[in-house]
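The sequence and structure are shown first.

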Amino acid sequence: MASSGFRRLDETALVDYIQATPALFSKLANQLDGLQIKEVGDGNLNFVYIVTSSGGSFVIKQALPYIRCIGESWPMTKDRAYFEATALREQRRWCADHVPEVYHFDREMAVIGMKYLEPPHIILRKGLIAGIEYPLLAEHMSDFMARTLFFTSLLYHDTTEHKRAVAEFCGNVELCRLTEQVVFSDPYKVSQYNRWTSPYLDQDAEAVREDNILKLEVAELKSMFCERSQALLHGDLHTGSVMVTHDSTQVIDPEFGFYGPMGFDTGAFLGNLILAYFAQDGHADQVNDRKSYQEWILKTIEQTWNLFHNKFTALWNEHRNGSGEAYLAEIYNNSAVQLLIQKKYMQCLFHDTLGFGAAKMIRRIIGVAHVEDFESILDESRRANCERRALLFAKMLLKERRNFQAITEVISAIQQEQS
């Protein structure tokens, strides 16, 4: 449909919008019988509506020209919806099993219409809080990360195609700058937006602001985030951006998508699993001490990285003689040098993953946006104890990440911190 300027869609206006948009109305079999619209956006930025009728269903997501959780005092471009729709389509191109289909995009209205992931799909973070095991999570997420990162990198593309794609996503600068602020800057200084479980973590937050070595390490990560256009990233790949059942995993909400360092995505996902691990003590009770569930989380972290490593390198081997220009076959033309290159590349990616994962953990404890894993622990003292263990581990991991050579060593370090 042709829009006539941006306006926020409420439930009433959305009905008219749907009827005037063939790509959406057809998903309801071109009729409104039994129409129900429910606003379910519980994130920080957007309004999200589930639209169902007797003829079909879909989800509508609309970006606002400000950050929803803060209000109009923090303006934010609504053009982020364009980058989200573009990222969804590109990532679905490479991993259709784990990315929902986009039915409609309206740039002027900042509206995305996409497949509704029906119950029993729930947000992964809520499943982790409830103590639900997902046996295919590691398999599916390693597949998503390996395929979307490999196929948008110079390991697969030539430099001309890669630079064109990088240039396209450079326009998502406002959300990149938001990440720079809330992940790499605010937690390490006094900021009006920072918050933590006070007074219990007052000294812990101050210790972060006074840790010079930590500041040096996070500066290196920020530089990499800003300067290294390695692959198309989801950009916000936490456990709130994944919807799951026991046999389905769907990655949503890539509005922070841009070309950046691969480890930012892999680190975000693993870092949020680590947060979930440390939060479990706050959800334990006399019936369930959550110890076995913590072991499942650790196993999932280990499997996710190992499967990702294996799948990524398998794709590399499969397409070694393709159009990718990172390592030209005419130069890297024997098995010995190929193994050396892969080992170095994957070791750097592993250390990047640990560093970015740690930075994401820190910001979720003493920055502006926290996680429900901890926030749902009502006893503040108990919550703070869980958060402190996670924060201490994250600080160590950020500063000492290069000392870890395998994911099993990270798992052991997590267990040591917990004990």
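## Second largest pocket

The second largest pocket is lined by V166, F169, C170, V173, C176, R177, E180, F225, C226, S229, F258 and Y259. A pocket is an open set of points, on a 1 Å grid over the protein atoms alone, where a 1.4 Å probe fits, with protein on both sides within 12 Å along at least five of seven lines; lining residues have an atom within 4 Å of a point. Two or more lining residues come from each of helix 6 (159–169), helix 7 (173–184), helix 9 (212–227) and strand 12 (258–260), with helix 7 contributing the most, four residues. Helices (H or I, at least four residues) and strands (E, at least two) are DSSP runs.

The lining comprises nine nonpolar, one polar and two charged residues. The pocket holds about 200 Å³ of space.

## Basis of the model

This is a predicted model, in which local features need pLDDT of at least 70 and side-chain atom pairs count only at pLDDT 80 or more, while totals for chains, interfaces and linings use all residues. Residues are numbered from 1 along each chain as its sequence is written, and side-chain values use heavy atoms, with hydrogens and water left out.

## Helix 9 and helix 14

The axes of helix 9 and helix 14 (residues 380–400) come within 9 Å and cross at roughly 65 degrees. Helix 9 is therefore roughly perpendicular to helix 14 (65 to 115 degrees).

I213, L214, E217, V218 and L221 of helix 9 meet K395, L398 and K399 of helix 14 in this contact (heavy atoms within 4.5 Å). Five of these residues are nonpolar, none polar and three charged.

Definitions and conventions
Points joined across faces, edges and corners; volume = space filled by probe spheres on them. Nonpolar A, V, L, I, M, F, W, Y, C, P; charged D, E, K, R; others polar. Axes fitted to C-alpha atoms, helices over the stretch in contact; angles between N-to-C directions. Parallel < 35°, antiparallel > 145°, perpendicular 65-115°, else oblique.
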